[in-house]
Amino acid sequence: MPQLGLLHGRAWASLLGKLLRPPGAVCIGAVHSHSQVAEAVLVSQLKPHQEKSNFIIKTPKGTRDLTPQQMVVREKILDLVVSCFKRHGAKGLDTPAFELKEVLTEKYGEDSGLIYDLQDQGGELLSLRYDLTVPFARYLAMNKVKKMKRYHVGKVWRRESPTVVQGRYREFCQCDFDIAGQFDPMIPDAECLKIMCEILSGLQLGDFLIKVNDRRILDGMFAVCGVPESKFHTICSSIDKLGKMSWKDVRHEMVAKKGLAPEVADRIGDYVQCHGGVSLVEQMFQDPRLSQNKQALEGLGDLKLLFEYVTLFGIAEKISFDLSLARGLDYYTGVVYEAVLLPTPAQAEEEPLNVGSVAAGGRYDGLVGMFDPKGHKVPCVGLSIGVERIFSIVEQKMKTFGEKIRTTETQVFVASPQKNFLQERLKLIAELWDAGIKAELLYKNNPKLLTQLHYCENMGIPLVVIVGEQELKEGVIKLRSVASREEVAIKRENLVAEIQKRLSES
């Protein structure tokens, strides 16, 4: 290491000048005196502090931290969802948080403007994933996989408006289930609807309805109503807003903003305000205009079959054929569906919690082929559970009922009433950990027994094991129930077995 004392006068000033000069800055003149050097050092030290004083600590717009209490609720929801996916034979899959920009381009229609692009730093143009479906299709094409039943839980990003309404964020979690492969019509589609019913029933969110439609029926409807083919996608995205906007507003958007003829919009209105069961499917087969369109007839045929299968699955009363359901994403090719919660009579009188759909999905038979050099298609159908929206409903319910949430799963606390028992507590807790028991102790040499017992009550820990001089002499450990405050002496060698027995009974 060079001795700084050997650098004198201008050499020392010159070295400091180089160190303090910002990268790329041009040196106009040398630093001439020690006072100038000192001043430069002072300025460099002050600047970060000045900048820091204006800095506000917050999360980026449209994102949030999740507290330990919230994480408990979220994990319970995810456990229920994933266990359902596994029950139906799905394998887990994960993909990168970002993809090549061209992978995501032109897959989402008008929503493409919501894709987050990343700054190019390594010679590749990248974007954060918008959903889990397009990365799955890319994975299938890249690995030449023809059949797969998969689930994927992961974060996605959308450049939404910074104003966050209930359950809508720029960064959020999605839970997807998809079936890829060539199978007989509507069997995988019906299973997807069954999965949605199982999950929504299991979460006990209240009554729900799954709306179904088919993109071929929509395209057929647009054709017979006189919509130019070039406007199919843009009109479809307007129709998709019917759950959030009135027909009057949607009609205005189609006519005033998208240039659709008023009479064409009125013909569409006659259809999109229809909803019902299998009888409506039969009615549409007889419709003088729709029955003349080949695409629409194919879609109606598949929906009739779908209703047959969901009846066998015992969920037909939860399914509604709804001609207004569009699902705005460009990649859907057949059946589309969306689950919505139905307000209770009490909620109908008050302001209902408007969270939109809580699950949705559909068939996308052409997406994989878009990534395959030879255009080989792999038919796919899938669903996505709206975790954030469900989470906001569950959270609100818990606040209403004042439910207390345990943030840890600790089963046993190791305590001592006397000083100098840290070694015994450490030996004891290691024994419990090695037996797979979730255990804790206070990180203090000599904590007071009352402090230790209060901790257990506050954290909801059910059992306490107490070791002291008397217990050590007799070769026993006291086992205390926190709720009843009852204590029993257990032989040291029987302690683990006794704890496991009690935990299995609780």
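Q: In what order do the strands of the open sheet come?
A: The order is S14-S13-S15-S16-S17, five strands with mixed pairing; strands here are DSSP runs of E, at least two residues, helices are runs of H or I, at least four, both numbered from the N terminus, and two strands pair if DSSP finds at least two bridges between them. This is a predicted model, where local features need pLDDT of at least 70, side-chain atom pairs count only at pLDDT 80 or more, and totals for chains, interfaces and linings use all residues. Residues are numbered from 1 along each chain as its sequence is written, and side-chain values use heavy atoms, leaving out hydrogens and water.

Q: Which strands stand at the edges?
A: Strand S14 (439-440) and strand S17 (487-491) do, each with a single partner strand, so one side of each has no neighbour in the sheet.

Q: And how does S16 run relative to S17, parallel or antiparallel?
A: Antiparallel, with five bridges joining S16 (residues 476-481) to S17; lysine 478 stands opposite alanine 489 in S17.

Q: Switching to rings, what sort of pair do tyrosine 108 and tyrosine 130 form?
A: Their pair is tilted, at 4.3 Å centre to centre and 45 degrees between the planes; rings of Phe, Tyr and Trp (its six-membered ring) pair if their centres lie within 6.5 Å, with planes under 30 degrees apart counted as stacked, over 60 as edge-to-face and the rest as tilted.

Q: Is tyrosine 108 buried or exposed?
A: Tyrosine 108 is buried, at 0% relative accessibility, and tyrosine 130 is buried at 2%, where buried means under 20% relative accessible area, exposed over 50% and partly exposed in between (1.4 Å probe, protein chains only).
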